[in-house]
Structure formats: structure tokens, C-alpha cells
Amino acid sequence: MNENPTIVKGSTGLETQVPGTPATVSAAAEVTGGIDAGNFIESDIDAELVKFNSDDTPLMNLMLQARRVKVSSPEVDHYMIDEPRCSFVLSGEVAGGTMQATLPIDGADQNLPRPNTTLLLPEVDGYDENGEPTPGRALMLFVTGLDVATNCPVVRAVNGPKSGPTSEFCNVPILHKGDKCIILSNSLHETQKEVDPELIVPQPTRIYLQKRGMNQVVSDYFDSQRKRIPFTKAVLAEQAIANFKVRGNRTLWAGRPGKFKVNVPGMGLQHVYFTEGIRWQFKRELQHQGRWTVEKIIAMAKMFFTGEDVPKTAILLAGKNLLEQIQCVDYSRHPEIQITTRRNSAGWTVTNFHTVFGDIEIKREPTLDRLGWSNSGALIGENRLVHYVYSAEHSFSDRVEGQEATRNGILIWDALALKGSCHIWIDGEGHESGSSGLVFKLLEEDKVPDQPAGNAYYLMQDTPSINEQARQGQIWVFDTDTESWSRWNGELQ
């Protein structure tokens with residue numbers, strides 16, 4: 001074949017003949033000086049751009065697979081899974097030396113230890129049957145009643161010190177402020193059958209369901225034209241729905257709750273509802289600084305899987321910078337750590353981080369990047385999500401009144417809510433915290449932070465510089481009133 005085809009005239013005198021040259025695209029391009037997109041070949045279009053891509057809206061896909069609850073109002077009282085408290089701490093000192101003593105407890109905790117309840121104090125040594133101390137064996141107390149003046153529990157020691165080896169009763173030993181009391185079962189006397197009943201009244205939070213809609217108007221003239229790229233109704237609809245889905249995903253993350261009335265011509269005043277994004281629903285927030293390490297990830301897994309609310313699975317939806325930092329963690333010191341790629345129940349290819357506490361599936365969430373949270377992420381229990389639906393998603397197709405056009409659309413009225421206290425928001429942006437729950441940092445060194453006020457610290461190692469009893473894996477907070485450190489014994493630990 002000639003490298004430069006020679007064009008000759010045909011029977012009508014037009015330069016249309018290229019003898020000795022096969023009919024290929026490349027040869028035709030050489031002859032015409034390049035193919036104009038509209039004259040010879042129409043450019044193909046990337047079908048993936050107009051199809052639904054679940055990887056672009058992971059949170060919405062989790063919502064669609066979550067437990068679905070149909071409601072009859074756009075305002076819902078949402079109840080988180082609130083496990084019973086298992087412990088409280090003393091708010092003052094107990095002098096000891098008497099058979100009975102009143103335990104000083106904060107007002108919010110006074111109703112936890114009911115009469116006939118037994119309490120274990122793991123940080124206080126108990127005594128044997130002769131009244132001799134037994135280091136390492138915890139003290140147990142028995143609640144005999146409530147003090148009339150203070151409403152605090154009155155207790156006796158089950159294994160406390162004795163006046164002598166033959167004494168029938170124990171005395172209550174000296175107890176200190178901050179001593180932890182773990183609530184055990186009650187203990188009844190021989191003929192007793194009645195105990196104080198327990199009324200559990202869950203505290204709801206108000207969730208607003210937001211009505212979202214997508215409209216697409218296609219004129220009859222546009223639909224009837226032969227177009228170079230075949231913009232069929234299906235293609236247009238897919239593009240519009242994909243955009244609708246992406247914007248909805250942003251709302252599920254960052255929307256702020258509220259409602260107000262608007263005047264609708266011919267319809268009067270009507271309410272507009274705005275749902276709350278799950279970013280503001282987290283009860284625990286980790287403010288992270290510095291490089292990620294294997295130890296930090298394991299500490300986070302421990303907090304996630306070992307609380308009162310234990311989820312079955314964990315998925316970390318991460319911004320691109322957080323994902324990069326975790327990918328660059330040095331795993332050479334931990335050959336036992338297993339990091340694999342697998343397909344999870346949602347149909348995504350995820351990075352699976354295996355720990356002894358449980359597996360964390362790591363998935364990039366592009367929406368976090370668009371919202372300015374590239375260094376942040378959310379550790380979520382997949383079985384701890386609730387999808388409230390007031391009006392199920394439905395589509396419609398109407399003729400536009402007075403116009404030669406058709407209106408197609410989608411309407412849905414729903415909200416996403418977190419259940420339980422296991423979820424953790426990882427904030428790596430260094431901004432002011434927006435959380436209403438426990439905000440904590442990871443303390444890697446045995447060093448008192450420069451500005452500890454207002455923060456809780458998860459200790460990555462024993463930290464005697466804070467307190468002699470400060471051990472790895474505990475959370476300690478700084479009390480600005482007393483200017484002293486105390487161990488966090490809140491219900492979220």
C-alpha cells in the first residue's frame with residue numbers, strides 16, 4: 001500500500017478515487033486530512049458516565065440496604081440503642097470504719113444502685129473471712145437502702161475489714177473519690193420476692209425526614225430529532241438520577257436539621273423539612289493528629305468493638321487523604337496483621353483490615369472529599385443504621401400543561417439515622433469539633449499535653465505523668481475546676 005495515497009478523479013471529475021488502497025479508517029483519514037467528528041465517525045460515549053455507580057455514593061447504598069422503617073409523619077422520635085449503664089464512680093470520700101456508710105454519688109447516678117443491689121469495686125482490695133486484707137481481690141458492697149436526706153445508697157461491706165476474727169459483721173473500708181463501682185445483680189433474703197422495679201424510659205431525638213425530588217422536562221421536538229449522540233430518554237434519565245443521587249448523598253452526610261413554613265401559591269402555608277446528616281449524629285469523635293500507625297488502628301478497633309453496644313461488622317468510609325495515610329502505614333513490625341482485598345456484602349471491593357477485636361472494611365467515600373473532609377472518615381456499624389421512609393421512592397411522568405413536553409421525575413421522603421454508640425467519627429481536619437458526645441485524642445507519649453482542658457485522651461501506653469493509675473487503653477480527662485486528672489468512666493467507654 002502506498003504510504004501517501006494518490007487521489008484521482010472519477011467519472012464526474014471529483015477527486016473520489018484512491019486506487020490500490022484498502023478501505024480502512026486510517027487510509028480514509030489520510031485522504032481527507034483527518035476525520036471530522038460529524039462527517040465520518042461519531043465519537044462514542046462512555047456508558048459508565050451515565051450509569052449508576054454505587055462506588056460514588058457508598059453512604060446512600062448503605063442506607064438502601066439498612067433496616068427500613070415506614071413512618072406516618074415527617075417528624076420521627078428516633079431511639080438509639082441505649083444499653084444499661086454498668087458502672088458509676090464515687091463523687092467524694094468515705095471515711096469508713098462503720099458497719100454502714102453512705103456512698104457519695106452524683107445526682108445523675110443516684111438511681112442506678114437500687115436496694116438489694118451488689119456493687120463490685122475493682123480498684124479497692126477486699127478482705128478474707130478473718131478480716132485480713134486480700135490484695136487483688138476486689139471489695140463488694142451490698143445496698144441496704146437509700147439515705148433519706150441525700151438519696152444516695154446506704155451500703156454494707158460483704159468482704160470488708162472486721163473488728164476481730166470472730167466478728168459477725170464487716171465494716172466499710174476507706175473509699176476515695178473516683179473509685180469505680182460496677183453494678184452486679186441483686187441479692188435477696190430467704191423469703192423475699194419483691195424488689196424495686198426498673199422503669200426504662202428511652203430518650204428520643206427528633207429526626208426530620210426530608211422530601212427530595214428530581215424533575216426532567218424533555219420537549220417533544222427534542223425527543224423527535226435525530227441526534228449525533230443518541231440522547232434517549234433512558235440516557236437523560238440516568239444522568240439526572242445519578243446527579244440526584246450524588247447530591248442526596250451529600251445531604252445524608254452533612255445536612256443540618258430544621259423546618260419552616262413557606263407560602264405555596266394556591267395551596268397556602270406548608271412545611272419544608274431538612275434532615276440531619278449522620279456527621280452530626282456521632283456520639284464519639286476521634287480528633288486525630290500526626291501519622292497513622294498499626295497501634296492506632298487497633299486502638300480504634302478496640303473502642304469500636306468492645307463497648308456496651310457491640311456491632312457485627314465495621315466499615316470505614318474514608319476521605320482520600322485518610323485512605324492514603326492508612327495505606328502508607330508501616331506494617332513491618334506486625335507480620336500477624338492481615339490486610340486483604342475482598343468483595344463485601346454491599347458488592348464493593350474493599351480493603352479488609354483484620355484485628356483480634358474484629359475486621360474493619362475500608363472504602364473510599366468521594367463525598368467526603370467534596371465536603372472538605374478528605375482527612376476524615378466514619379467508622380460505622382452496618383447493622384446499626386435505620387432508614388426512615390415516609391413516602392417510598394416513586395417515579396412519575398406527566399404532560400406539561402400548555403406545552404409540548406413531558407415531565408418525568410422521582411420523589412422520596414426519607415432520613416438516615418444512627419443507632420447505638422459504637423460509631424466513631426474520625427476528624428483529621430483540625431477544626432472545632434461539631435460533636436455533642438465524647439471527643440477524644442490519642443496520646444502516644446508519657447507526657448502531659450500542653451493544653452489538656454476540654455479534651456479526653458485515650459492512652460496508647462502507661463502514662464504515670466498524668467496519674468500513677470493511668471494505664472494503656474484507658475481514657476483520662478482533665479478537670480478544669482480542680483485542675484486534676486480523672487479517669488473517664490462514662491457510658492461510652
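Modeller: Two residues are in contact when heavy atoms of theirs lie within 4.5 Å. The structure is a predicted model, in which local features need pLDDT of at least 70 and side-chain atom pairs count only at pLDDT 80 or more, while totals for chains, interfaces and linings use all residues. Residues are numbered from 1 along each chain as its sequence is written, and side-chain values use heavy atoms, with hydrogens and water left out.

Biologist: With which residues is Asp179 in contact, leaving aside its neighbours within four places in sequence?

Modeller: Asp179 then has Phe88, Val89, Leu90, Glu123 and Val124 as its contacts. Asp179 sits in the loop between β9 (153–157) and β10 (180–186). Helices (H or I, at least four residues) and strands (E, at least two) are DSSP runs, numbered from the N terminus.

Biologist: Does Asp179 count as buried or exposed?

Modeller: The scale is relative accessible area: buried is under 20%, exposed is over 50%, and partly exposed is in between (1.4 Å probe, protein chains only). Asp179, at 10%, counts as buried. A polar atom of its side chain lies 2.8 Å from the backbone nitrogen of His176. For a polar contact, the N or O atoms must be within 3.5 Å; within protein, one must be able to donate a hydrogen and the other to accept it, and residues adjacent in sequence count only if both atoms are side-chain atoms.

Biologist: Where is the place of Pro104?

Modeller: Pro104 is in the loop between β6 (100–102) and β7 (117–127). With a relative accessible area of 19%, Pro104 is buried. Its C-alpha atom is separated by 7.3 Å from that of Glu93, eleven residues away along the chain. Beyond the neighbours within four places in sequence, Pro104 is in contact with Leu90, Ser91, Gly92, Glu93, Val94 and Cys152.

Biologist: How many salt bridges does the count come to?

Modeller: A salt bridge is a side-chain nitrogen of Lys or Arg within 4 Å of a carboxyl oxygen of Asp or Glu. The count is nine. One of them pairs Glu285 with Arg279, with 3.6 Å between the closest N and O atoms. Glu285 is buried at 0% relative accessible area, and Arg279 is buried at 6%.

Biologist: Which parts does the pair of Arg342 and Glu361 tie together?

Modeller: Their closest N and O atoms are 2.9 Å apart. Arg342 belongs to strand β17 (residues 338–343) and Glu361 to strand β19 (residues 359–364), so the pair ties together parts 19 residues apart in sequence. Arg342 is partly exposed at 34%, whereas Glu361 is buried at 8%. Another salt bridge joins Asp369 and Arg364, at 2.6 Å between the closest N and O atoms. Asp369 is buried, with a relative accessible area of 16%; Arg364 is partly exposed, with 37%. Through shared partners, salt bridges also join Glu75, Asp77, Arg206 and Lys259 into one network.

Biologist: Which residues touch the most other members of the largest nonpolar core?

Modeller: In soluble globular proteins, nonpolar side chains tend to be buried together. A nonpolar core is a set of buried Ala, Val, Leu, Ile, Met, Phe, Trp, Tyr and Cys residues joined through side-chain atoms within 4.5 Å. The largest has 32 residues, and Leu286, Trp292, Leu316, Ile360, Leu379, Phe440 and Tyr458 touch the most other members. Several elements each supply at least two residues of this core, including α6 (320–327), β16 (314–318) and β24 (438–443). The element that gives the most is α5, with eight residues. Apart from this core lies another of 22 residues, among them Met60, Ile315, Ile380 and Leu418.

Biologist: How many of the twelve residues of α5 are buried?

Modeller: Nine are, and the helix is mostly covered. Among the buried ones are Val294, Ile297, Met300 and Phe304. The expected span of a helix is 1.5 Å times one less than its number of residues. For the twelve residues of α5 that gives 16 Å, which agrees with the 16 Å between its end C-alpha atoms.

Biologist: How many residues of helix α2 are buried?

Modeller: Six of the eight residues in α2 (residues 58–65) are buried, so this helix is largely enclosed by the rest of the structure. Those six are Pro58, Leu59, Met60, Asn61, Leu62 and Met63.

Biologist: What does the secondary structure of the chain come to?

Modeller: The chain has seven helices and 27 strands. Of its 493 residues, 41% count as buried.
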